[in-house]
Amino acid sequence: MKSITRRRLITTGIAATAGVAGLAVADRLAQRYGLVPPDGCGVYGPGETLTYAAQRLLTRHSLAREFSRGMISKTPFANETAPPSDEFKVHQAAGFKDWRLAIDGMVARPGSFSIADIKSLPFKSQITEIACEEGWSYIAEWIGTPLVEVLREAGVSPQARYVVYYSIQKDWWESVDMADALHPQTILTWGMNDGDLPVGFGGPLRLRVPRQLGYKSVKYIIRMTVTDSLKSFGKGLGSASPEAGYSWYAGI
């Protein structure tokens with residue numbers, strides 16, 4: 001059988017997925033839209049690439065399903081997390097009044113935002129589902145500030161490609177591309193079901209990414225870094241998830 005290079009395999013799949021003819025066209029699409037994910041390597045790399053490419057080519061601006069209030073889960077269960085750190089306990093005892101979200105990297109105005117600062121920006125609510133592959137799925141009303149509003153305040157660079165975000169809990173971090181970072185449904189959540197966001201569900205601040213599986217919606221957010229490359233973060237796979245065996249891109 002004639003051998004085929006990984007690059008040719010990837011671009012052939014992208015061409016088929018996008019409905020375009022020719023590898024040259026697929027190459028240009030890959031370069032223009034960044035269709036190879038950070039974990040697009042190894043045995044499962046081609047599959048990860050084709051999944052990500054198909055989503056970005058066909059559903060880049062799609063919306064996650066939103067539900068009526070009557071469909072909010074009556075008794076949702078918060079997924080399990082590691083015991084809170086001492087640093088978190090100090091913030092919790094103080095009512096989170098000193099909680100800050102730091103933003104750095106490819107922004108014109110690096111700095112930090114208090115919860116009050118974030119709440120002062122335009123906010124929205126949405127009734128969407130946490131879709132968890134481990135079974136912690138439920139529908140809730142999420143109230144918060146679109147991430148795009150905070151990025152606009154920080155002056156995000158046009159050359160930025162990713163936003164990396166960190167929990168106060170050690171070694172818990174994720175990233176999304178700018179398509180999801182700037183998406184209107186991606187919100188810095190500080191409220192749930194008409195009240196404050198409970199600690200068990202990520203309070204005081206959680207990033208909700210409703211177009212992806214639940215593990216992308218990291219709890220207890222304290223820092224974000226805007227970047228054009230993920231190679232220098234962790235093992236270069238894009239987040240802690242692929243380092244633990246999950247996919248970097250978890251679109252639903």
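Colleague: How many helices and strands are in the chain?

Modeller: The chain has 8 helices and 10 strands. Bear in mind that this is a predicted model. Of its 252 residues, 50% are buried.

Colleague: How many salt bridges does the structure hold?

Modeller: There are 9 salt bridges. Take Asp180 and Arg56, whose side chains meet at 2.9 Å, N to O. Asp180 sits in helix α7 and Arg56 in helix α3, 124 residues apart. Both Asp180 and Arg56 are buried.

Colleague: Which residues are linked with Arg56 and Asp180 in a network of salt bridges?

Modeller: Asp177 and Arg211 are linked with them in that network.

Colleague: Which residue forms a salt bridge with Glu141?

Modeller: Arg69 does, with the closest N and O atoms 3.3 Å apart. Arg69 lies in the loop between α3 and α4, and Glu141 in strand β4, so the pair ties together parts 72 residues apart in sequence. Arg69 is partly exposed, at 45% relative accessibility. Glu141 is buried, at 5%.

Colleague: And Asp194, which residue does it pair with?

Modeller: Asp194 forms a salt bridge with Arg69, at 2.8 Å between the closest N and O atoms. Asp194 is exposed, with a relative accessible area of 58%.

Colleague: Now pockets. How much space lies in the second largest pocket?

Modeller: The general idea: rolling a probe the size of a water molecule over the atoms shows where empty space is left. Here, the second largest pocket holds about 580 Å³. Its lining has 26 residues, with Asn79, Glu80, Glu134, Trp172 and Tyr215 nearest the centre. Strand β6 and helix α8 each give two or more residues to that lining. By class, the lining has 12 nonpolar, 6 polar and 8 charged residues.

Notes. Residues numbered from 1 in each chain as written. Predicted model: local features only at pLDDT ≥ 70, side-chain atom pairs only at ≥ 80, totals over all residues. Heavy atoms only, no water. 1 Å grid on protein atoms, 1.4 Å probe; cavity = no way out; pocket = protein on both sides within 12 Å on 5 of 7 lines; lining within 4 Å. Points joined across faces, edges and corners; volume = space filled by probe spheres on them. Helix = DSSP H or I, 4+ residues; strand = E, 2+ residues; numbered from the N terminus. Nonpolar A, V, L, I, M, F, W, Y, C, P; charged D, E, K, R; others polar. Buried < 20%, exposed > 50% of the residue type's maximum accessible area, 1.4 Å probe, protein only. Salt bridge = Lys/Arg side-chain N within 4 Å of Asp/Glu carboxyl O.
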